[in-house]
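Reader: I would like to learn how to read the inside of a protein model and the charged pairs on it. Could you take me through one slowly?

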Amino acid sequence: MEQKKKKTIGFHIIKDDPTDGHRGFGAGALSLENVSPVIIDVEAGEAFVDMGAMHARSAVERGIKFLPDRSAVPNGKPYWIVWVTIERGEDGPYYAGVTACEMTVDREARRGYKLLPEHVNRLDKSLKRHIIVDHMDAKSKRVLADFLKGHDIDMWNRSSDELKKGLEGEL
């Protein structure tokens, strides 16, 4: 006799909270409402938000075939995609989760390097309020810190010491 497979509820990423306060169906779904992808161009020393990165469709990623082998893209230009999650505390909003993933892009060859599982896992870590920036180069950390401060200095001031230390070194 064959056993019937139990139907499971899949993993859902949604824009708004469907539960509206109740703890019933859909309570385990993730909301991406407060997450923004910040892309850092390492060579140019610039940071910008590109919401297309949420679906690997940012201006940097469009038209590029990504490979999981770094050596297949020897002339790749370095970038960071940083997942920034904002949360509202008692004193106001702050940067709650900040996680970075590396990526290289060779526009001429239309090839790039990134590890998709790493990008998905780091997005998840950001949603869970983790700070993962220690593997970034010093210049990119400075660019990110300046970008976050420039966006809203009060949000930066309300953010954790872990984030500030991670991006600026010892306080």
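This is a predicted model: local features need pLDDT of at least 70, side-chain atom pairs count only at pLDDT 80 or more; totals for chains, interfaces and linings use all residues.

Reader: Which residues have the most contacts inside the largest nonpolar core?

Author: In soluble globular proteins, nonpolar side chains tend to be buried together. A nonpolar core is a set of buried Ala, Val, Leu, Ile, Met, Phe, Trp, Tyr and Cys residues joined through side-chain atoms within 4.5 Å; buried means under 20% relative accessible area, exposed over 50%, and partly exposed in between, with a 1.4 Å probe and protein chains only. Here the largest core has 21 residues, and those with the most contacts inside it are Ile40, Val82, Tyr95, Val98, Met136, Leu144 and Leu167. Two or more residues come from each of β3, β6, β7, α2, α3 and α4, and the largest share, 4 residues, comes from α2. These names follow DSSP runs numbered from the N terminus, helices being H or I of at least four residues and strands E of at least two. Another core, of 14 residues, lies apart from it and includes Val35, Ala53, Trp83 and Leu123.

Reader: How many salt bridges does the structure hold?

Author: A salt bridge is a side-chain nitrogen of Lys or Arg within 4 Å of a carboxyl oxygen of Asp or Glu, and the structure holds 7 of them. In one, the side chains of Glu87 and Arg129 meet at 2.3 Å, N to O. Because Glu87 lies in strand β6 and Arg129 in the loop between α1 and β9, this pair ties together parts that are 42 residues apart in sequence. Glu87 is partly exposed at 27% relative accessible area, and Arg129 is partly exposed too, at 35%.

Reader: What separates Glu118 and Arg122 in helix α1?

Author: Their side chains, those of Glu118 and Arg122, form a salt bridge at 3.6 Å, N to O, and the two residues are 4 apart in helix α1, which means about one helical turn separates them.

Notes: Residues are numbered from 1 along each chain as its sequence is written. Side-chain values use heavy atoms; hydrogens and water are left out.
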